[in-house]
Amino acid sequence: MRDIGIGLIGSGYIGKTHAIAYNAHNAVFGGPARPACRALAEIDQAKADREARALGFERGTGNWQDLLIADDIDVIAIATPNALHKEMAIAAIKAGKHVYIEKPLALDAPEADEIIAVHEAQNGASRLVHMLGYNYLCNPIISTVKTMLDSGELGELVHFRGRHNEDYMASPEVPFSWRCSKAAAGTGTLGDMGSHIISMAMHLAGPIVSLCGDTDIVIPSRKDQTGAMRGVENEDQAQAIVRFASGMMGFLETSRVALGKKQGLAFEIVGTKASIEFDQERMNELRLYEGGAPDGRSGFKTILVDTHCPDFSAFCPAPGHGLGYNDLKIIEVNRLMKAIVEDAPVPVDLYAARDIELVIDTWIASAAQRAWQDVGGA
Ligand SMILES: NC(=O)c1ccc[n+]([C@@H]2O[C@H](COP(=O)([O-])OP(=O)(O)OC[C@H]3O[C@@H](n4cnc5c(N)ncnc54)[C@H](O)[C@@H]3O)[C@@H](O)[C@H]2O)c1
């Protein structure tokens with residue numbers, strides 16, 4: 001079986017999840033290729049060496065540009081703060097590497113367009129894979145939802161309500177981090193978690209064509225590393241009413257200060273024949289309400305993840321036994337391997353990721369102007 005050499009940049013929260021996924025992929029899926037953890041890049045050599053040892057990489061480097069010239073590296077995985085994605089992605093594409101970039105793709109849609117322009121100029125003839133880290137789309141039960149929607153099981157879709165709310169910054173004592181800085185993160189909760197629920201909404205229900213958004217900073221300043229107070233530069237919470245290309249209406253919200261929500265990515269889809277509900281805090285189950293039940297017998301039923309989905313059965317032969325967050329990354333890595341070796345499509349490529357950035361930019365502009373806006377409109 002072919003080895004696909006991985007060069008990972010960043011070993012923080014999501015970098016570790018990447019490493020777990022590369023190391024576990026072969027045991028779970030057994031092919032079609034084997035991710036080989038070649039080099040880990042971090043901010044300095046000491047940290048890179050330490051993390052490379054801990055996370056199962058052959059070597060570490062304090063200079064991410066070393067990965068560009070390494071012949072044993074096929075994929076550059078970018079797991080650094082958002083502001084670094086553009087420079088790293090462009091350099092990787094120019095070096096002829098496949099790119100696996102954490103969400104959000106960039107600080108905004110114009111930056112995403114710059115990456116795409118380089119990709120198009122560089123890779124017109126060759127076939128380099130480009131995939132984003134929208135791992136929640138890889139949940140086997142989300143594949144079940146997609147099958148139900150595509151087969152018309154829910155009838156005509158009439159409403160999508162989605163949220164991705166967490167409380168990791170609900171306390172004013174949580175210090176200022178790169179996530180609060182426009183220069184380092186771009187947007188606040190919109191790029192961080194809003195991008196996930198936007199990706200889910202568009203994956204399941206199609207493009208969002210217009211919206212009326214609002215944004216809000218709840219905790220205006222936080223202590224920085226020196227103990228000095230520093231102004232928070234981007235939104236803590238945001239909500240929008242949206243219209244999909246299908247004509248369906250919807251509502252989206254996101255928050256990093258939603259006290260009590262730990263992994264609150266959730267949605268409800270209402271159809272003319274049936275409705276469904278999903279909550280990532282109970283990621284192995286789906287709630288389904290089917291119209292037409294006899295009087296006194298109607299209600300939601302719970303469907304557990306099961307072995308009919310190949311992504312689930314690769315982990316476990318027994319239905320309902322459940323997966324976890326890190327398993328979604330293993331499935332995502334399998335999508336990457338299949339894209340490289342078998343030319344299979346990826347869940348979110350550069351173009352789909354740019355469309356998510358466009359929705360976020362429109363949301364910010366709509367909030368500033370206090371008006372409906374067409375997505376990508378002037
Ligand atoms: N897909 C998901 O579910 C998910 C979850 C969390 C974060 N993310 C995304 O992953 C990215 C990173 O977020 P995080 O939470 O892991 O951040 P983090 O702060 O935990 O980790 C970032 C890492 O990048 C390293 N780094 C910074 N500059 C570097 C450089 N120049 N060269 C090499 N390494 C460098 C830091 O030392 C740190 O270890 C963000 O874009 C974020 O949106 C995605």
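Two conventions come first. Residues are numbered from 1 along each chain, following the sequence as written. Because the model is predicted, local features are reported only at pLDDT of at least 70 and side-chain atom pairs only at pLDDT 80 or more, whereas totals for chains, interfaces and linings use all residues.

I begin with the ligand. There are 21 residues around it, and Gly 10, Gly 12, Tyr 13, Ile 14 and Glu 102 come nearest. A residue is taken as near a molecule or strand if its C-beta atom, placed from the backbone, lies within 6 Å of it. By class, this shell holds nine nonpolar, eight polar and four charged residues. In that classification, Ala, Val, Leu, Ile, Met, Phe, Trp, Tyr, Cys and Pro are nonpolar, Asp, Glu, Lys and Arg are charged, and the others, Gly among them, are polar. Which helix supplies the largest share of the shell? That is helix α1, residues 13-29, with three residues. Helices here are DSSP runs of H or I with at least four residues, strands are runs of E with at least two, and both are numbered from the N terminus.

Helix α1 also takes part in a helix pair. In general, two packed helices are described by the angle between their axes and the distance between the axes. Axes are lines fitted to C-alpha atoms, for helices over the stretch in contact, and the angles run from 0 to 180 degrees between N-to-C directions. α1 and α9 pack with their axes 8 Å apart and at an angle of about 70°. The two helices are therefore roughly perpendicular to each other. As to the terms, angles under 35 degrees count as roughly parallel, over 145 as roughly antiparallel, 65 to 115 as roughly perpendicular, and the rest as oblique. The crossing of α1 past α9 is right-handed; a crossing has that hand if the near helix is turned clockwise from the far one by less than a right angle, and is left-handed if anticlockwise.

Within α1 we also find Ala 24. With 17 other C-beta atoms within 10 Å, Ala 24 is partly exposed. The scale is as follows: a residue is buried if 20 or more other C-beta atoms lie within 10 Å of its own, exposed if 12 or fewer, and partly exposed in between, with C-beta atoms placed from the backbone. Ala 24 and Glu 281 are 257 residues apart along the chain, and their C-alpha atoms are separated by 23 Å.

I turn next to helix α10, residues 350-369. Its 20 residues reach 28 Å from the first C-alpha to the last, close to the 28 Å expected at 1.5 Å a residue; the expected span is 1.5 Å times one less than the number of residues. Is α10 mostly covered or mostly exposed? It is mostly covered, with 15 of its 20 residues buried. The axes of α10 and helix α7, residues 189-205, come within 10 Å and cross at roughly 120°. α7 and α10 are therefore oblique to each other, and their crossing is right-handed.

Two residues that flank this region deserve mention. Asp 343, in the loop between α9 and α10, has a positive phi of about 65° although it is not a glycine. Just after α10, Arg 370 takes a positive phi of about 50°, and it too is not a glycine. Asp 343 counts as exposed, with 9 C-beta neighbours inside 10 Å. Arg 370 is likewise exposed, with 9 other C-beta atoms within 10 Å.

Where are the cis peptide bonds that I wish to show? One runs from Gly 31 to Pro 32, with omega near 5°, and Pro 32 lies in the loop between α1 and β2. Another joins Lys 103 and Pro 104, with omega about -15°; Pro 104 lies in the loop between β5 and α4.

Finally, two further positions. Leu 259 lies in the loop between β12 and β13 and counts as exposed, with 10 C-beta neighbours inside 10 Å. Leu 259 and Tyr 168 are 91 residues apart in sequence and 8.3 Å apart in space, C-alpha to C-alpha. Asp 311, in helix α8, is buried, with 22 other C-beta atoms within 10 Å.
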